[in-house]
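Subject: Structure for you to look at

Hi,

Here is the structure I said I'd pass along.

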Amino acid sequence: MAVRLKKMKLLTYCKCNAGLISNFKLCLLTKICAFHLPYNHSEMLKELNQQRRAKEFTDLKIIVEGKEFEVHQNVLASCSLYFKDLIKRSPRDSNRSSEKLELELSNLTADVLELLLEFVYTGSLVIDSANAKTLLEAASKFQFHTFCKVCVSFLEKQLTASNCLGILAMAEAMQCSELYNMAKAYALQIFPEVANQEEILNISKDDVISYMSNDSLNTKTEELVYETVIKWIKKDPSVRAQYSAELLAVVRLPFIHPSYLLNVVDNEELIKSSEACRDLVNEAKRYHMLPHARQEMQTPRTRPRLSAGVAEVIVLVGGRQMIGMNQRALTAVTCFNPQNNKWYPLASLPFYDREFFSVVSAGDNVYLSGGMESGVTLSDVWCYMSLLDNWNLVSRMTVPRCRHNSLVYDGKIYTIGGLGVAGNVDHVERYDTITNQWETIAPLPKAVHSAAATVCGGKIYVFGGVNEAGRAAGVLQSYVPQTNAWSFIESPMIGKSNMLPAVT
């Protein structure tokens, strides 16, 4: 009877809790049981905060500026690695275990601690531009990581040209890498705006150097970097003038326009009064004056900033275009950047219907010489100036010519042979781009036009071409600049005109 009664009770229970039994069977089949309380954790925090305010079940007393804050050790330790470690290391008196642990903190205000505790217990925070920095400093010091993220997120949205350097310095001092990287990227990107702010004149010398020396500093002209450095020094010249050379060394002076370098930088009293500064300016002058020697003058100052858009490119000048059965001369000049596989337009040629000219690059400029236009053989020399993106007539050869060769050796442009007014030209001359002067040198042993020429091993080589009879010249001619002498050899292997040489 007893057994029967228990069975009846069990059946009754199962009938009333069919859903429970169904779930129980499912758990047995899957061997997994997951259960979540339908309880919002914010309710728990709310209750804990009420206990904190009522000083119920609290076991930690924090004293700041003479004010006492009673909290729960477990709650605080779960949010702060600093407090977790501090509580674990605090000495305990076994005879007085019922007493609360006391911690006294300095370098912290009671108002800030109250905000920190409010966030810990409620998950909410009132943050504004007035207290954000102070809160972040406290959160960073006491390792409230979630709190730090909130402050960083707020400060990121508050970054402006007038405060980004200050926030950058603060983030670096606190070793807050996330905010530091954000502020740094922002300050570098908007340098032209930052340069006009008073804040930049008040940062430390080391911060100026760190900021101005960065390759990612976004500036279209290096002149602005120079002007900012000079303004910073003149803010307090009695103290800062001693750093002139150290600061000028982070300015990419070789990328300053030559006229600005000569007329402005060279005449600055701070520069004139410092031998080290004058050396830096002279270094930049040499860089401009000796484009052929730039490979030997590489320093951190000759490395272009990322924003400068400086790259080694391939330039295509003019040419001819077929239109049906006819051709027309092109005036377009374009360049190809291998770094991004893109084409860019440059300033067009300043003339029309010119052909058979020669083009060569020297330094950062492109020189175009001679050619023929409307049946007239020309001696003009035009220069494309990359800094200005324009063409200028800079000189004239002593002998008009077309179908000639041009190359650069030891910083000078050589024009070799070609077709003149009276036929083939054996005349050779070289142009000094610095002095704008031409010098006639030893003539070709064999006058040719439409040849190929290159420099190799300190010699100039001219291959083939077309001779006076209008036939391919099977001849190799070489020139030694040191002795101003040509030599040549006849070879059937060179019996071609319009060849293109390659030096490897």
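First thing to check: over which residues does the pLDDT stay under 50? That would be residues 1-31, for which the model has four contacts beyond four places in sequence. Residues 33-37 also have a pLDDT below 50, and that stretch has one contact in the model beyond near neighbours in sequence. This is a predicted model, and where pLDDT is low, the predicted coordinates should not be read in detail. For the protein overall, the average pLDDT is 84, with 87% of the residues scoring at least 70.

Next, a helix pair. α12 (residues 205-212) and α13 (residues 222-235) pack with their axes 12 Å apart, at an angle of about 180°. That angle is over 145 degrees, so α12 is roughly antiparallel to α13. On the α12 side you'll find Lys205, Val208 and Met212, which meet Val225, Thr228, Val229 and Trp232 of α13. Sorted by class, the contact comprises five nonpolar residues, one polar and one charged.

Then there's Arg252, in the loop that runs between α15 (244-248) and α16 (258-265). Its relative accessible area is 3%, so Arg252 counts as buried. What does its side chain pair up with in a polar contact of 2.8 Å? The partner is the side chain of Asp215. Leaving out residues up to four places away in sequence, Arg252 also touches Ser213, Asn214 and Glu222, along with Pro300, Arg301, Arg303, Pro304 and Arg305.

Cheers

Methods:
Residues numbered from 1 in each chain as written. Predicted model: local features only at pLDDT ≥ 70, side-chain atom pairs only at ≥ 80, totals over all residues. Heavy atoms only, no water. Helix = DSSP H or I, 4+ residues; strand = E, 2+ residues; numbered from the N terminus. Buried < 20%, exposed > 50% of the residue type's maximum accessible area, 1.4 Å probe, protein only. Polar contact = N/O pair within 3.5 Å; in protein donor to acceptor, adjacent residues only side chain to side chain. Contact = heavy atoms within 4.5 Å. Axes fitted to C-alpha atoms, helices over the stretch in contact; angles between N-to-C directions. Parallel < 35°, antiparallel > 145°, perpendicular 65-115°, else oblique. Nonpolar A, V, L, I, M, F, W, Y, C, P; charged D, E, K, R; others polar. pLDDT = per-residue confidence, 0-100.
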